[in-house]
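The following note sets out numbered points for a colleague who will examine the model.

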Amino acid sequence: DDTPDFRHDMLQEVHNARTAGLYSTVFPPALQMYAWWVRTFRPRFHQWERFVRGRIREHREGKRELGPIVARLVSDGDADDDHIFGIIAALHVAGHHAPSAAITFAIYHLLADDKLMAQTKEAIDDNEWLTQVLKETVRLYPGGAVSRFFVVQKPDEVTGVRPGEMILVPWYSFHRDPTWNKDANKFDPSREQAQGNFFPFGLGAHSCVGQRLVRPMFEEAVRTILGELDLRLDAKTLKFHTQLVTAEPDHPMHDLMWCKAKASANGGPGNGKR
């Protein structure tokens with residue numbers, strides 16, 4: 001029966017089945033990840049943490065200026081060192097992982113379309129065009145594959161959700177739904193992103209804090225890569241996967257394309273490098 005109770009029971013069965021599957025599909029890799037964390041990452045992370053906390057302390061003592069973000073947090077007086085370190089760590093990790101994935105996806109699609117690549121090189125100093133390239137990239141490969149949990153406040157007859165239930169919004173599937181975007185799987189930077197149908201950085205007060213940082217990073221990286229390197233695509237198809245944090249390629253950039261430095265001003269040849 002197509003009723004809210006029936007759908008709820010079916011979703012619960014699916015949840016139970018997936019949970020049971022975790023024992024065979026997720027736990028072994030998770031154990032490997034934990035072992036890597038203990039042996040390799042944790043000592044390096046603690047070393048970096050001591051360095052950052054030392055800089056925060058020096059900033060409080062007036063011995064060093066650490067920039068506007070830390071200065072604002074310290075001046076507010078409500079943030080202790082743990083809070084400040086947590087924000088710096090989040091910006092540092094997210095500011096490396098998500099932009100690097102977006103840059104890889106964008107360069108891949110530009111190399112796959114000679115006309116689009118020529119258009120982008122011609123408009124390489126046009127921030128508006130590069131912003132369009134970024135928006136189309138994160139539409140297809142959003143920084144967050146799914147939303148945070150939302151608690152339903154009012155019943156909805158269309159979806160059958162009821163007050164108190166928790167839901168997730170799959171941004172990845174939403175952006176690729178042909179209902180909202182024509183040729184939704186096509187990479188088209190000239191696409192006009194529809195208001196209310198574009199959420200690559202989430203939604204509301206808890207949207208991604210780095211969305212204002214990724215644009216200048218992306219623009220500078222694309223300018224540098226296209227301006228200083230000759231590129232050639234090696235892989236005919238782009239394989240990628242999505243996870244709760246972001247969408248990312250299955251292989252690093254150097255496995256997808258070949259590049260060499262452009263000839264220097266004195267005419268010297270560049271060095272080929274995968």
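1. A search of the whole structure, a predicted model, finds four aromatic pairs. Rings of Phe, Tyr and Trp (its six-membered ring) pair if their centres lie within 6.5 Å; planes under 30 degrees apart count as stacked, over 60 as edge-to-face and the rest as tilted. Helices (H or I, at least four residues) are DSSP runs, numbered from the N terminus.

2. Phe85, at 6% relative accessibility, counts as buried.

3. A tilted pair is also formed by Phe174 and Phe199, with 5.9 Å centre to centre and 45° between the planes. Phe174 lies in helix H7 and Phe199 in the loop between H7 and H8, so the pair ties together parts that are 25 residues apart in sequence. Phe174 is partly exposed at 22% relative accessibility, whereas Phe199 is buried, with a relative accessible area of 14%. Ring pairs link Phe174, Trp180 and Phe199 into a cluster.

4. On the conventions: residues are numbered from 1 along each chain as its sequence is written, and side-chain values use heavy atoms, with hydrogens and water left out. Because the model is predicted, local features need pLDDT of at least 70 and side-chain atom pairs count only at pLDDT 80 or more, while totals for chains, interfaces and linings use all residues.

5. Arg176 is found in the loop between helix H7 (171–175) and helix H8 (211–228). Arg176 is buried yet has no salt bridge, and the nearest side chain of opposite charge, Glu136, is 8.8 Å away. A salt bridge is a side-chain nitrogen of Lys or Arg within 4 Å of a carboxyl oxygen of Asp or Glu; Lys and Arg count as positive and Asp and Glu as negative, with His and the chain ends not counted. The Arg176 side chain does reach the backbone oxygen of Leu140, at 3.1 Å.

6. Glu136 itself lies in helix H6 and counts as buried because its relative accessibility is 0%. A polar contact (a pair of N or O atoms within 3.5 Å; within protein, one must be able to donate a hydrogen and the other to accept it, and residues adjacent in sequence count only if both atoms are side-chain atoms) of 2.9 Å joins the side chains of Glu136 and Arg139. Leaving aside residues up to four places away in sequence, Glu136 touches (heavy atoms within 4.5 Å) Lys186, Phe187, Asp188, Pro189, Arg191 and Gln193.

7. Asp183 has a positive phi of about 50° although it is not a glycine. Asp183 is placed in the loop between H7 and H8. Most residues other than glycine have a negative phi.

Notes:
Helix = DSSP H or I, 4+ residues; strand = E, 2+ residues; numbered from the N terminus. Buried < 20%, exposed > 50% of the residue type's maximum accessible area, 1.4 Å probe, protein only.
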